[in-house]
Amino acid sequence: MNMQPPSRFGSGSAQLPVAFDRREMSQILSVYGRMVAAGEWRDYGISNLRETAVFSIFRRTAEHPIYRVEKHPRLRMRQGMYSVVGMDGRILKRGHDLRSVLRVLERKLIRAVDSD
């Protein structure tokens with residue numbers, strides 16, 4: 001008889017939620033910090049879910065995220081596990097390399113700096 005308690009992450013073996021590792025967080029926070037310094041972004045939130053990790057970016061604290069950086073490990077062998085999603089739900093960039101996916105946000109930084 002199996003005496004193990006049921007897993008809170010679904011049936012089968014206990015599965016940890018997906019999270020960004022230190023290198024990934026460093027890359028994301030680098031872009032985030034530059035946008036905060038430019039006055040474009042003010043807050044962020046991190047969600048570690050069963051199949052996805054999400055870094056949500058907010059212009060103001062009490063609104064919907066303007067961008068979401070998502071990590072979907074199940075898509076690693078397909079179109080890439082990283083994506084940047086806009087406020088309207090459209091995928092702005094997807095790929096295998098986080099740094100190249102984040103470039104879509106860096107273009108926004110160039111526009112923010114040029115508009116002075």
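Guide: We will go from the sheet to the core and then to single residues. This is a predicted model, where local features need pLDDT of at least 70, side-chain atom pairs count only at pLDDT 80 or more, and totals for chains, interfaces and linings use all residues. Residues are numbered from 1 along each chain as its sequence is written, and side-chain values use heavy atoms, with hydrogens and water left out.

Visitor: In what order do the strands of the sheet lie?

Guide: Helices (H or I, at least four residues) and strands (E, at least two) are DSSP runs, numbered from the N terminus, and two strands pair if DSSP finds at least two bridges between them. Here five strands make an open, antiparallel sheet in the order β1-β2-β3-β4-β5. Its edge strands, β1 and β5, each pair on one side only. On average, neighbouring strands are turned by 15 degrees against each other, direction ignored. β4 and β5 are joined by four bridges, and Val85 stands opposite Ile91 in β5.

Visitor: Which strands does α1 touch?

Guide: Contact means heavy atoms within 4.5 Å. α1 packs on the sheet and touches β1, β2, β3 and β4, its direction making about 10 degrees with that of β2. Such angles run from 0 to 180 degrees between N-to-C directions, with axes fitted to C-alpha atoms, for helices over the stretch in contact.

Visitor: How many residues does the largest nonpolar core have?

Guide: A nonpolar core is a set of buried Ala, Val, Leu, Ile, Met, Phe, Trp, Tyr and Cys residues joined through side-chain atoms within 4.5 Å. Buried means under 20% relative accessible area, exposed over 50%, and partly exposed in between (1.4 Å probe, protein chains only). The largest core here has 22 residues, and Trp41, Phe55, Ile57, Val69 and Leu105 have the most contacts inside it. α1, β2, β3, β4 and α2 each supply at least two of its residues. Leaving aside residues up to four places away in sequence, the contacts of Ile57 include Trp41, Val69 and Leu105.

Visitor: Is Thr52 buried or exposed?

Guide: Thr52 counts as buried because its relative accessible area is 13%. Thr52 sits in the loop between β1 and β2. Its side chain makes a polar contact of 3.2 Å with that of His72; the term means a pair of N or O atoms within 3.5 Å, where within protein one must be able to donate a hydrogen and the other to accept it, and residues adjacent in sequence count only if both atoms are side-chain atoms.

Visitor: Where is Arg94?

Guide: Arg94 belongs to strand β5, and Arg94 is partly exposed because its relative accessibility is 31%.
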